[in-house]
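Student: Hi! Could you walk me through this one?
Tutor: Happy to, have a look here.

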Amino acid sequence: MKLAMITGTATATLKDAALSGAALLIADVVDGKGKVLEAAIVAADTVGAGVGDTVLIATGSAARLPAGMASAPIDATVIAIVEHVNLS
């Protein structure tokens, strides 16, 4: 899993049928302090995240494990909205 900040949305009117109804979000992968490690990846949303939310993103084959994503051609899925990050 990767920690990320949602920075925007993507709209695709023509897309693979398996993505029908899926919200596509733009996210910056960040470290625990919020420093951007990887900018602007597209992730399918399964939890109702929005711009400004800190989230967890599953990538690779694990991105297709959340409900409804098994046949989708994706490699990143938002799987959780993070309320707090504590660095000790």
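Tutor: Reading along the sequence, the protein chain goes β-β-β-β-β. Strands here are DSSP runs of E with at least two residues, and helices are runs of H or I with at least four, both numbered from the N terminus. This is a predicted model, where local features need pLDDT of at least 70 and side-chain atom pairs count only at pLDDT 80 or more, while totals for chains, interfaces and linings use all residues. Residues are numbered from 1 along each chain as its sequence is written, and side-chain values use heavy atoms, with hydrogens and water left out.

Student: How many helices and strands does that come to?
Tutor: Zero helices and five strands. The radius of gyration of the protein chain is 13 Å, close to the 12 Å from the globule rule for 88 residues, so the chain is as compact as a globular protein of that length. That radius is taken over C-alpha atoms, and the rule is 2.2 Å times the number of residues to the power 0.38.

Student: And in what order do the strands close into a barrel?
Tutor: The order is β1-β2-β3-β5-β4, with mixed pairing. From one strand to the next, the twist averages 50 degrees; axes are lines fitted to C-alpha atoms, and angles run from 0 to 180 degrees between N-to-C directions. Two strands count as paired if DSSP finds at least two bridges between them.

Student: Which strands run parallel?
Tutor: Strand β3 (residues 36-45) and strand β5 (residues 76-82) do, joined by two bridges. Asp45 stands opposite Val78 in β5.

Student: What joins β4 to β5?
Tutor: Six bridges, and β4 (residues 54-59) runs antiparallel to β5. Thr59, for example, faces Ala76 in β5. Strand β1 (residues 2-10) is also antiparallel to β4, through four bridges, and Leu3 has Leu56 in β4 as its bridge partner.

Student: New topic: what share of the residues is buried?
Tutor: Of the 88 residues, 33% count as buried. Buried means under 20% relative accessible area, exposed over 50%, and partly exposed in between, using a 1.4 Å probe and protein chains only.

Student: Where is Ser88, and is that residue buried or exposed?
Tutor: Ser88 sits in the segment after β5. Ser88 is exposed, at a relative accessible area of 100%. Its C-alpha atom is 28 Å from that of Ile41, which is 47 residues away along the chain.
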